[in-house]
Amino acid sequence: MWDDAFPSFLIGLREGLEAGLIVSILVATLVRADAKSRLPQVWTGVLAAIALALSFGAVLTFTAANLSATAQEAFGGVLSVIAVAFVTAMVFWMRRSARTFSGEIREKVTGALGMGAGVLMLTSFLAVGREGLETALFLWTTARAAGESSGPLTGAAIGLVLAAGLCWGLYRRVLRINLTKFFTATGVVLVVIAAGVLGYGLRDLQEGGVLPGLTTYAFDLSGSVDAGSWYSTLVQGVFNLMPTMTWLQVVGYVGYLAVVLPLFLGGVRGERAKAPEPEPTPAPEPVSSPRRRPVWVVPVAVVAVPAVVAGLVVALARPKPASSQTVAVSETECGKGFTAPDTGRQTFQMHNTGDKTSEVYLIDPASGAVYGEVEGIAPGTTRDLVATVAGGSYAWRCVPTGAKAVTSATVHVSGGGGTVKAVVPVSENDLAAPLKAYKVYVDQGLATLETQTRQLGADIAGNHLDKARTDWLTAHRTYSSLGAAYGTFEDFDKKINGRADGLAGGVDDKDFAGFHRIEYGLWHGQSASELKVPAQQLATAVVGLRKAFPTQDFDPGDLPLRAHEILENALQFELTGDTDEGSGTNLATVDSNLAGTRELLTVLRPLLTKESTTLLPTVDAAVARLQKLLDSAHHGGGWTPVEQLSRPDRARLNGATGQLLEDLAPVPDLLEIRKSA
């Protein structure tokens, strides 16, 4: 959180100090002019400016939430670029104006004193409102870049409170600050931060499909830099620099700094060469002011108006629920009541008029691609289906339980609405070939494992325990590479790879069996006679598994789920060292788990390529990063034990595994078996 707070702290401090100085000068001028009765007009303008800034922030937040994921990326990217433009203009303006700042404000107040309450209120509103809008926009973009709001909001709040304290000290003349140096120093830092915001905004525009080059990386340091470390998190939070950046991001970042920073610093040197500005003229003579009407009327109005306007904008920007579009779901009336909807995010009320529980899909009738779905709509019930609609053709497909699928008439939606992502449905037939190929891989692995466990038993029977330790690792790695099939191994997995955790007697429990039982004995000085029976039991279990596997039920829908579950187990049990019974070979197991994941991706690759053009390049890069880290822990025939890894190395391994899991997370959704297929 705190790493994301610094940019917002700095913008809160700068903008708060700038706005606070304006307010301080306004108040001081009125007090010196003996026009304290006009102070409520200043505070009313300030309240209006704050209300406008908060309302602007609410509009940005809630309208963006109603956009599709792709549109949100594009929207955020555009506003990030706008925020950079505002911040850049602000630091240049403040650099030029710092010397004459107070004099200009006093001149405006002097003119406003003679022109009525409205002008004075407008003067304070405009003076503070600009800073408020800039702050709201910058906070929104930094919060979006951070992926959370608590850090940026906390940083901004601290900056604003500190700015208020500084302004009070300056007003009471208990503090002296060289404002020119202050705004120059913070301006340099803000230029660097703005370069990072620009880079992040360009990445958003790439992810939103507005700009090209999303997968064209200038560098990829994720294999050598731990994204989860404190220093990496700090750099990403403060400067928006990431271990992996595209060429467009790098060019934008470097180009912005190369142009803006020299111009800013050159201007600072030019300003310093100028002669000091003369002190501002004394305050004007007191000006009488008529008594105001009730003080609460105007403040309430100026605060309420921006809030009401923002509420209307948010309400109008929200997608209108298609409550009038109640669509029938049944084996005879699928899609009845469906008319061409408006573009944008829509809510359809799906009412099951039949006597069977049904699944329903909003599809592209030409390709069968699914835009939205609801499962398990019981007879007589109504469920909402939310989908984003763009120009194109749409139809409903109803799949009642135990009945044939029924497709409605096609409707055509005119207009744009942007690009809508649909998922091409996958059927059991689509997964049949990958499943068959993977079963062949597992069957071959079990045949190899049978030979290896027999050899392990022979080693132990012959009292060749050093050789047994080597052959144990070889056999255990073979088994660990078959992770996607664990769900079909039933009770065999407990006999082959069971753990002592949860057993009443722990490692001495009679039910502790398999690889980890033998591992414990081999690395804790047990004799060959003590290990002979566990080795025989292991070999017997492997023979039984190999014989049973061809007849076991392997649900095709489980295959995509295993794409990330294998490494989830590795992260939970192996990279924590929980399964180590003395061999220190957890990383060898992770390496085998990764090999099994790679094999699974190989058989699923044709389907994944069809479903998503960007997923596999990202996954392949993440696999390569993790493999490189594992290779660095493999020395000849030995592996570095997890507990002997340095803290940075361990963090890098965990981070790379976590990133790969995140990249693999879409696989089950993309390859979910849908009855609409």
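Contact here means heavy atoms within 4.5 Å. Helices (H or I, at least four residues) and strands (E, at least two) are DSSP runs, numbered from the N terminus.

**Setting up**

This is a predicted model, so local features need pLDDT of at least 70 and side-chain atom pairs count only at pLDDT 80 or more, while totals for chains, interfaces and linings use all residues. Residues are numbered from 1 along each chain as its sequence is written, and side-chain values use heavy atoms, with hydrogens and water left out.

**Whole chain**

Colour by pLDDT, the predictor's confidence in each residue, from 0 to 100. The chain mean is 79, and 75% of residues reach 70 or more. Select 277-292: pLDDT is below 50 there, and the stretch has 22 contacts in the model beyond near neighbours in sequence. Then select 319-323. Here pLDDT also stays under 50, with nine contacts beyond four places in sequence.

Switch to cartoon. The chain shows 20 helices and twelve strands. Of its 677 residues, 48% count as buried. Buried means under 20% relative accessible area, exposed over 50%, and partly exposed in between (1.4 Å probe, protein chains only). Among contacts between residues at least 6 apart in sequence, 76% join residues at least 24 apart.

**Stop 1: Val 260**

Select Val 260, in helix 9 (residues 247-273). Buried or exposed? Val 260 is buried, at 8% relative accessible area. Leaving out residues up to four places away in sequence, Val 260 touches Thr 88, Phe 92 and Val 191. Val 260 and Ala 195 are 65 residues apart in sequence, yet their C-alpha atoms are 9.4 Å apart in space.

**Stop 2: the disulfide**

The structure holds one disulfide, a pair of cysteine sulfur atoms within 2.5 Å. Select Cys 334 and Cys 398: their sulfur atoms are 2.1 Å apart. The link is right-handed, with 80° about the S-S bond. What does it tie together? Cys 334 lies in the loop between strand 3 (322-329) and strand 4 (344-352), and Cys 398 in strand 8 (residues 392-400), so the pair joins parts 64 residues apart in sequence. Both Cys 334 and Cys 398 are buried.

**Stop 3: Asn 463 and helix 12**

Select Asn 463, in the loop between helix 11 (428-461) and helix 12 (465-480). Check its phi: the value is near 60°, positive in a residue other than glycine. Most residues other than glycine have a negative phi. At 53% relative accessibility, Asn 463 counts as exposed.

Step into helix 12. Its 16 residues should span 22 Å at 1.5 Å a residue, and its end C-alpha atoms are 22 Å apart, which agrees. The expected span is 1.5 Å times one less than the number of residues. Buried residues of helix 12 include Leu 465, Trp 472, His 476 and Tyr 479. Show their partners: the buried residues of helix 12 pack against helix 11, helix 13 (492-497), helix 14 (515-522), helix 15 (528-548), helix 17 (586-611) and strand 12 (638-639).

**Stop 4**

Select helix 14. How many of its residues are buried? Eight of its eight. Among them are Phe 515, Arg 517, Glu 519 and Leu 522. Their cover includes helix 11, helix 12, helix 13 and helix 15.

**Stop 4: the cores**

A nonpolar core is a set of buried Ala, Val, Leu, Ile, Met, Phe, Trp, Tyr and Cys residues joined through side-chain atoms within 4.5 Å. The largest has 68 residues, and Ile 496, Leu 587 and Leu 660 have the most contacts inside it. Helix 17 gives the most to this core, with ten residues. Centre on Leu 587. Beyond four places in sequence, its contacts include Leu 575, Leu 630, Trp 639, Val 642 and Leu 653.

Finish at another core, which lies apart from that one and has 21 residues, among them Phe 92, Phe 138, Val 191 and Ala 194.
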